[in-house]
Amino acid sequence: MVFQTYRNLSPRARLGVGIAFTLWGLIGLKLSDKAEEKLGYTPTEEDRKALERFKPRIIEVEKEVEKVVRADK
């Protein structure tokens, strides 16, 4: 229903809505770090170490590839 309402807007209005949402997101990204510091939510060194356990690790595994030789017919 919301998407249909959005589609019923004029192209200029849709552009305005898109720009508004983009600006809202960018402002949120810029202000979130400052708000985090003011409210005391900055992670400690212990928190960072605890999160390292959940970080995905990439392990390279070598795989032997058998060459398939076709006999010429």
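Buried means under 20% relative accessible area, exposed over 50%, and partly exposed in between, with a 1.4 Å probe and protein chains only. The model is predicted: local features need pLDDT of at least 70, side-chain atom pairs need pLDDT 80 or more, and totals for chains, interfaces and linings use all residues. Residues are numbered from 1 along each chain as its sequence is written, and side-chain values use heavy atoms, leaving out hydrogens and water.

**Salt bridge**

A salt bridge needs a side-chain nitrogen of Lys or Arg within 4 Å of a carboxyl oxygen of Asp or Glu. The count by this rule is 1. Glu-52 pairs with Lys-55, and their closest N and O atoms are 3.7 Å apart. Accessibility of the two partners:

| Residue | Relative accessible area | Class |
|---|---|---|
| Glu-52 | 44% | partly exposed |
| Lys-55 | 48% | partly exposed |

**Aromatic pairs**

Rings of Phe, Tyr and Trp (its six-membered ring) pair if their centres lie within 6.5 Å; planes under 30 degrees apart are stacked, over 60 edge-to-face, and the rest tilted. The whole structure holds 2 aromatic pairs. One of them joins Phe-21 and Trp-24: it is tilted, at 5.9 Å centre to centre and 40° between the planes. Both residues sit in helix α2, 3 residues apart, about one turn of the helix. Phe-21 and Trp-24 are both exposed.

**Nonpolar patch**

Leu-15, Ile-19, Leu-23, Leu-26, Ile-27, Leu-29 and Leu-31 make a nonpolar surface patch of about 700 Å². Patch residues have over 30% relative accessible area and no salt bridge; nonpolar side chains (Val, Leu, Ile, Met, Phe, Trp, Tyr) are joined within 5 Å, like charges within 9 Å. Areas come from the Shrake-Rupley method with a 1.4 Å probe; for residues, only the protein chains shown count as cover. Ile-27 is found in helix α2, residues 11–39. Helices (H or I, at least four residues) and strands (E, at least two) are DSSP runs, numbered from the N terminus.
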